[in-house]
Amino acid sequence: MPRITAYEPAGAGPVRRLRSPFTIRQWSVRHARFLERLYTFFADILLGLHPLWRALGYGRVERPVKSVEQVVKGFLFDCRMCGQCVLSDTGMSCPMNCPKGLRNGPCGGVRANGNCEVEPDMPCVWVEAWSGSRQMAGGDHIQNVQPPLRQSLRGTSSWLRATAERAAREEAARAGGADAP
Amino acid sequence: MSRIVPYDPSAPLPRKPGHTSRGRLERVLRRGEFAVTAELNPPDSADPEDVYERAAVFEGWVDGINATDGSGANCHMSSMGICALLSRIGFATVMQISCRDHNRIAIQGNVLGGAAMGVANFLCLTGDGVQAGDQPDAKPVFDLDSISLLNTLRTMRDESRFLSGRKITTPPQIFIGGAINPFAPPYDYRPLRLAKKIAAGAQFVQSQYCYDIPMLERYMDRVRDLGLHRQCYILIGVGPLASARAARWIRSNVPGVHIPDPIIERLEGATDQKREGKRICIDLIQQIREIEGIAGVHMMAYRQEELVAEIVHDSGILKGRQPWHRGMDTDPETALEEVLEEVQST
């Protein structure tokens, strides 16, 4: 029988551990309130630029915007570019860093010290998410039931998608408002 | 209306108003009885007799048998296979689905298949990481998580459609369950997580092993404050510890199991540790039963399954009620209902 090496992090050897410390990711969670405000501000700017994105074509700006997004969110949150960002619902702790990719809360395997079941030296991203969400104005969004990830959107810009969707919603609301007497 | 055909134990029960499944477990819980479910240790074989033997020790003592789905990320006979064998002879089964090994296409197909075979209860789990088991090099799937899985099953049942929106001609009639672990951080989020599972479709939940009553009480206080015990049946996981050494091993090797020191000390102090383990289990069950809002216990007597009947008997939780067993020529409750219906119609 093979020796069962319970809970040694697979695919996360000491080298990868050294390369990706959790310091910055944890800083982001501690400053979740600030980042929430920053994002709201930034999202409004992106929305304001919607006519520009539309004129250029969302498809054409996808690549440059995606590159910026990848660098910024990669630095702050260890973003994995799932393309369907839920950071504002998860206390600014990226759920895609969970080895099980859980998007709806912690599994039952969290260690007593708050570390991950699969990677014993990593703080559970959902323990972090819960503490981050407690600081945020929209912290109760952690209770939103997230739909399964759409694998086809992986690697795309969620900033642009969120902007396009918000613009469409506002246009629809305006159209609806105009129809009303 | 009297039955024309002889009683067929594998046939689903008549549907009752307000019930979502045609199984026995939902009936027991909705009647307000203290329910008992047990986990079957799946065999590493292709012999159906192995399954029947392992189920026989539970017969007449439990209201549902959980068929695990690669628990601990180890290979065993599939939950689908075990449920097929057991439901065929009339056992009420709880088919566990773990998100680790199947994507959404496989899972939705399995739910239809399971329900068609007579499985009335499904338990939606995230599943242990592949690193925990005997095949750490397997590809972890985790296409869904426990909560989106609950939501998927509810969509299939209540809206007669797959996640894609495509129509299901006959939806599965199922009782949907989830898992809880009040004994893992973040402790103050755990009751809210139950609320989220209920919002996603959980009708019953089974918990991780409970060895810490004060911690469970704190959890249940919050659950009652939120009114969750009225929206969902809560079954608490219990199991006998074979020895202090086994308890220590479980504590440090099985994710999410919290065993406080006093329990281990009590085991160490005993001359017959196995017997003491059983005694502790009975004590825990009796304390759990007293907590308001708890609907039953879930027995996980891994490799000590033969103790389940004794523990259930000695703890007195069934209060004289006898769960289904083979040889009951009819389902007692169904028979009673038929008599009542006849009385009412005359």
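This is a predicted model: local features need pLDDT of at least 70, side-chain atom pairs count only at pLDDT 80 or more; totals for chains, interfaces and linings use all residues.
User: What is the area that chain B and chain A bury between them?

Analyst: The two chains bury about 2700 Å², and 58% of that is on carbon and sulfur atoms. The size of an interface is often given as the accessible area lost when the parts come together.

User: What makes the polar side of this interface: how many salt bridges and how many polar contacts are there between chain B and chain A?

Analyst: There are 0 salt bridges between chain B and chain A. The count of residue pairs in polar contact is 15, with both residues at pLDDT 80 or more.

User: What makes the link between Asp101(B) and Arg100(B) a polar contact?

Analyst: The side chains of Asp101(B) and Arg100(B) make a polar contact at 2.8 Å, and the cut-off is 3.5 Å. Residues adjacent in sequence count only if both atoms are side-chain atoms, so this side chain to side chain pair qualifies. Leaving aside neighbours within four places in sequence, Asp101(B) is in contact with Asp69(B) and Val141(B). Asp101(B) and Lys139(B) are 38 residues apart in sequence and 8.2 Å apart in space, C-alpha to C-alpha.

User: How do you know that the bond between Pro185(B) and Pro186(B) is cis?

Analyst: Omega for the peptide bond joining them is about -5°, and the bond is cis. Most peptide bonds are trans. Pro186(B) is in the loop between strand 5 (175-180) and helix 6 of chain B.

User: What is the phi of Ala73(B), and what is the phi of Phe142(B)?

Analyst: Ala73(B) has a positive phi of about 60°, and Phe142(B) has a positive phi of about 40°, although neither is a glycine. Most residues other than glycine have a negative phi. Ala73(B) lies in the loop between strand 2 (64-67) and helix 3 (79-88) of chain B, while Phe142(B) lies in the loop between strand 4 (121-125) and helix 5 of chain B.

User: Why do Ala73(B) and Phe142(B) count as buried?

Analyst: Buried means under 20% relative accessible area. Ala73(B) is at 8%, so it counts as buried, and Phe142(B) is at 9%, so it counts as buried too.

User: Why is Gln84(A) called buried?

Analyst: Its relative accessible area is 15%, under the 20% cut-off, so Gln84(A) is buried. Gln84(A) lies in the loop between helix 5 (58-77) and helix 6 (125-133) of chain A. The side chain of Gln84(A) reaches the backbone oxygen of Cys82(A) at 2.8 Å. Leaving aside neighbours within four places in sequence, its contacts include Arg103(A), Pro148(A) and Ser158(A).

Technical notes:
Residues are numbered from 1 along each chain as its sequence is written. Chains are lettered from A and ligands numbered from 1 in the order in which they are written. Side-chain values use heavy atoms; hydrogens and water are left out. Buried area is the accessible area (1.4 Å probe) that two parts lose on being put together, summed over both. A salt bridge is a side-chain nitrogen of Lys or Arg within 4 Å of a carboxyl oxygen of Asp or Glu. A polar contact is a pair of N or O atoms within 3.5 Å; within protein, one must be able to donate a hydrogen and the other to accept it, and residues adjacent in sequence count only if both atoms are side-chain atoms. Contact means heavy atoms within 4.5 Å. Helices (H or I, at least four residues) and strands (E, at least two) are DSSP runs, numbered from the N terminus. Buried means under 20% relative accessible area, exposed over 50%, partly exposed in between (1.4 Å probe, protein chains only).
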